[in-house]
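Biologist: Hi, could you walk me through this one? I'd like to start with the overall fold and then go into the details.

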Amino acid sequence: QTPWMLYFCGAALALVLTSIGVPALAFALGMFIPMELNAPLVVGGLVAWFVSNHSKDEALNKARFDRGTLIASGFIAGGALMGVVSALLKFAEVDWFLSGWASSNAAEWTGLVMYLALIGYFGWHTLRAKKEE
């Protein structure tokens, strides 16, 4: 049996969200995905908002937003490729996981520093975009 009532409720909710200016897909992802997986999406949205509202010139803001989207797409593709490489290594039973290092405080701080460095890179590189003539 298909739960048609739930489909209709979801469609009605999407229409209401769209009519008040909230993207329905972003809302649905926020409701469905756990916060530890959703946090990079929130940070990415904040960076996109910052770079696309940093200037009063709309053409420059659009160029910056487009450049940021292109860079983010490249990082997503790279992450997907590394997921394939990781799966191939797991299939080949190669285990390079450093358990002692991964459970240390140094690994957590290194991860946090690298995450902040990536955010800084996204912002810096995106703000260097120039207006299209």
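This is a predicted model: local features need pLDDT of at least 70, side-chain atom pairs count only at pLDDT 80 or more; totals for chains, interfaces and linings use all residues.

Biologist: Good to know. How many helices and strands are there in the protein chain?

Modeller: The protein chain has six helices and zero strands, so its pattern along the sequence reads α-α-α-α-α-α. These are DSSP runs numbered from the N terminus, with helices being H or I of at least four residues and strands E of at least two.

Biologist: What radius of gyration does the protein chain have?

Modeller: The protein chain has 20 Å, while a compact globule of 133 residues would be near 14 Å. That radius is taken over C-alpha atoms, and the globule rule is 2.2 Å times the number of residues to the power 0.38. Along the principal axes, the C-alpha atoms fill a box of roughly 55 × 50 × 25 Å.

Biologist: And what share of the residues count as buried?

Modeller: 13% of the 133 residues do. Buried means under 20% relative accessible area, exposed over 50%, and partly exposed in between (1.4 Å probe, protein chains only).

Biologist: Switching to pockets, what volume does the largest pocket have?

Modeller: About 640 Å³. On a 1 Å grid over the protein atoms alone, a pocket is an open set of points where a 1.4 Å probe fits, with protein on both sides within 12 Å along at least five of seven lines; lining residues have an atom within 4 Å of a point. The volume is the space filled by probe spheres set on the points, which are joined across faces, edges and corners.

Biologist: Which residues are closest to the centre of the largest pocket?

Modeller: Of the 19 lining residues, those are Pro 40, Gly 44, Ala 72, Ile 76 and Phe 122. The elements giving two or more residues to the lining are α3 (35–52), α4 (58–91) and α6 (105–127), and α3 gives the most, with eight.

Biologist: How does that lining divide into nonpolar, polar and charged?

Modeller: It has 14 nonpolar residues, five polar and no charged. Here Ala, Val, Leu, Ile, Met, Phe, Trp, Tyr, Cys and Pro count as nonpolar, Asp, Glu, Lys and Arg as charged, and the others, Gly among them, as polar.

Biologist: How many aromatic pairs does the structure hold?

Modeller: Six. One of them is Phe 75 with Phe 122, tilted, at 4.9 Å centre to centre and 50° between the planes. Phe 75 lies in helix α4 and Phe 122 in helix α6, so the pair ties together parts that are 47 residues apart in sequence. Rings of Phe, Tyr and Trp (its six-membered ring) pair if their centres lie within 6.5 Å; planes under 30 degrees apart count as stacked, over 60 as edge-to-face and the rest as tilted.

Biologist: Is Phe 122 buried or exposed?

Modeller: Phe 122 is buried, at 18% relative accessible area, whereas Phe 75 is partly exposed at 39%.

Biologist: Which residues do ring pairs link into a cluster?

Modeller: Phe 75, Tyr 121, Phe 122 and Trp 124. The charged end of Arg 128 also sits over the ring of Trp 124, 4.7 Å from its centre; the test is CZ of Arg or NZ of Lys within 6 Å of the ring centre and within 35 degrees of the ring normal.

Biologist: Last one: where is Glu 93?

Modeller: Glu 93 is in the loop between α4 and α5 (99–102), is exposed at 74% relative accessible area, and has a positive phi near 60°.

Definitions and conventions. Residues are numbered from 1 along each chain as its sequence is written. Side-chain values use heavy atoms; hydrogens and water are left out.
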